[in-house]
Number of protein chains: 2
Amino acid sequence: MPQNISPGPRDERGVLSARILTAARDAFAETGWAGTTIRAVARAADVDPALVYHYFGSKEALLGAATTPPQRWLESVAETWLTPVDQLGSALLRLMLDAWADEEIGSFLRAVLLTAAHEQSTREKLRLVVERSLMGVSQLGTDERDRMLRSGLISSQIIGLAMMRYVWQIEPVASLSNDELVTAIAPNLQHYVEGDLGRG
Amino acid sequence: MPQNISPGPRDERGVLSARILTAARDAFAETGWAGTTIRAVARAADVDPALVYHYFGSKEALLGAATTPPQRWLESVAETWLTPVDQLGSALLRLMLDAWADEEIGSFLRAVLLTAAHEQSTREKLRLVVERSLMGVSQLGTDERDRMLRSGLISSQIIGLAMMRYVWQIEPVASLSNDELVTAIAPNLQHYVEGDLGRG
């Protein structure tokens with residue numbers, strides 16, 4: 001968010017730009033880059049389109065802000081990777097389930113996943129989000145290649161589950177409880193964490 | 001594809017409509033519903049836009065045709081489900097890897113996965129594709145709910161892998177060999193096929 005623009009009291013600016021950001025995440029997720037207009041985002045946020053330009057500068061910059069990981073999210077991911085290795089499978093899964101239930105982080109994840117389907121620049125950003133937050137800070141494996149392989153496989157299961165449960169809402173996965181999912185899926189994540197993946 | 005339109009020799013019609021369909025799948029996958037025009041599809045297929053209308057009728061019908069499962073795909077899925085249960089994990093994984101390597105089926109899968117990100121109607125269609133081809137014909141589990149749960153979990157891993165490997169091309173998953181992937185992932189799919197998922 002721009003630092004050097006001050007059209008009103010500081011508090012009001014924060015509230016309005018957060019509202020615009022939420023509307024932008026929903027709009028990009030639902031209608032993609034090409035289908036999203038500043039005007040529609042402004043209408044959903046109940047502000048004047050000029051204010052969106054004033055705060056964010058351009059549609060490109062708005063997409064950039066909408067798909068930038070919230071700091072809280074990066075911190076909770078880094079913290080989760082410190083879980084003892086024998087409980088890491090279920091800890092990572094619960095991290096993801098909690099993140100999607102969080103209004104701000106859930107709408108960020110949804111925006112990145114869905115916009116990444118169509119925008120090359122967002123696809124690059126998703127790659128960074130996955131590499132940095134899901135894979136990059138992990139401490140797994142015997143060497144760098146093993147570490148990235150294990151993290152990548154963990155990501156593949158977590159992302160597939162998120163698509164099925166939250167984006168496409170395919171039953172029965174969409175309506176299982178968190179505990180049921182952890183019971184069913186955590187052993188598989190744990191296999192990726194410390195199991196034999198056949199690479200010697 | 002329409003049956004009752006005949007603007008040229010039968011063979012030419014088949015070739016042209018297949019070329020239009022391939023271009024349409026690529027366009028919907030890359031630029032989404034809102035970003036795709038009949039004109040752009042026609043240009044990519046090197047035909048006149050009027051011919052696209054003539055064969056498919058409308059942009060809606062073109063999307064419908066582009067995201068309809070090829071018969072070959074449905075048949076190979078049904079056949080794979082007949083694999084002995086103790087080899088089903090690796091058989092399902094190889095089915096998916098082969099499908100993405102196939103030009104026609106790969107472009108169909110890509111179009112459905114990516115367009116489903118933005119279009120409610122395609123999301124419904126994806127749900128049907130997943131339910132019918134990945135889940136619906138399975139013979140797993142002790143009852144209907146157990147069968148759908150196992151099939152849904154299998155789908156979550158297969159779809160997440162497809163997103164990482166083919167759509168977002170995140171390393172090292174994107175460049176592993178098929179054999180490496182089967183060694184690493186098939187045991188997890190096998191857990192969903194016949195393992196204890198904690199539901200009694």
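View 1. The model shown is predicted.

**View 2. Elements of chain B at the interface.** On chain B, the side that touches chain A takes two or more residues from each of α1 (10-35), α7 (103-115), α8 (120-136), α9 (144-167) and α10 (178-194). The largest share of that side, 14 residues, is given by α9(B). In total, 52 residues of chain B are in contact with 52 residues of chain A. About 4,100 Å² is buried between chain B and chain A, with 61% of it on carbon and sulfur atoms.

**View 3. The axis relating the two chains.** Chain B is superposed on chain A by a rotation of 180° with 0.0 Å of shift along its axis, at an RMSD of 0.0 Å. The relation is therefore that of a two-fold axis. Within chain B, the C-alpha of Gly160(B) is the nearest to the axis, at 1.8 Å. Both copies use the same surface, as 100% of the contact residues of chain B recur in chain A.

**View 4. Helix α9 of chain A and its ends.** Helix α9(A) covers residues 144-167 and spans 32 Å from first C-alpha to last, close to the expected 34 Å. Of its 24 residues, 22 are buried. At the N-terminal end, Asp143(A) caps α9(A), with a side-chain oxygen 3.2 Å from the backbone nitrogen of Arg145(A). After α9(A) comes Gln169(A), which has a positive phi near 55°.

How values were computed:
Residues are numbered from 1 along each chain as its sequence is written. Chains are lettered from A and ligands numbered from 1 in the order in which they are written. This is a predicted model: local features need pLDDT of at least 70, side-chain atom pairs count only at pLDDT 80 or more; totals for chains, interfaces and linings use all residues. Side-chain values use heavy atoms; hydrogens and water are left out. Copies are superposed by least squares on the C-alpha atoms of residues with pLDDT of at least 70 in both. Contact means heavy atoms within 4.5 Å. Helices (H or I, at least four residues) and strands (E, at least two) are DSSP runs, numbered from the N terminus. The expected span of a helix is 1.5 Å times one less than its number of residues. Buried means under 20% relative accessible area, exposed over 50%, partly exposed in between (1.4 Å probe, protein chains only). A polar contact is a pair of N or O atoms within 3.5 Å; within protein, one must be able to donate a hydrogen and the other to accept it, and residues adjacent in sequence count only if both atoms are side-chain atoms. Buried area is the accessible area (1.4 Å probe) that two parts lose on being put together, summed over both.
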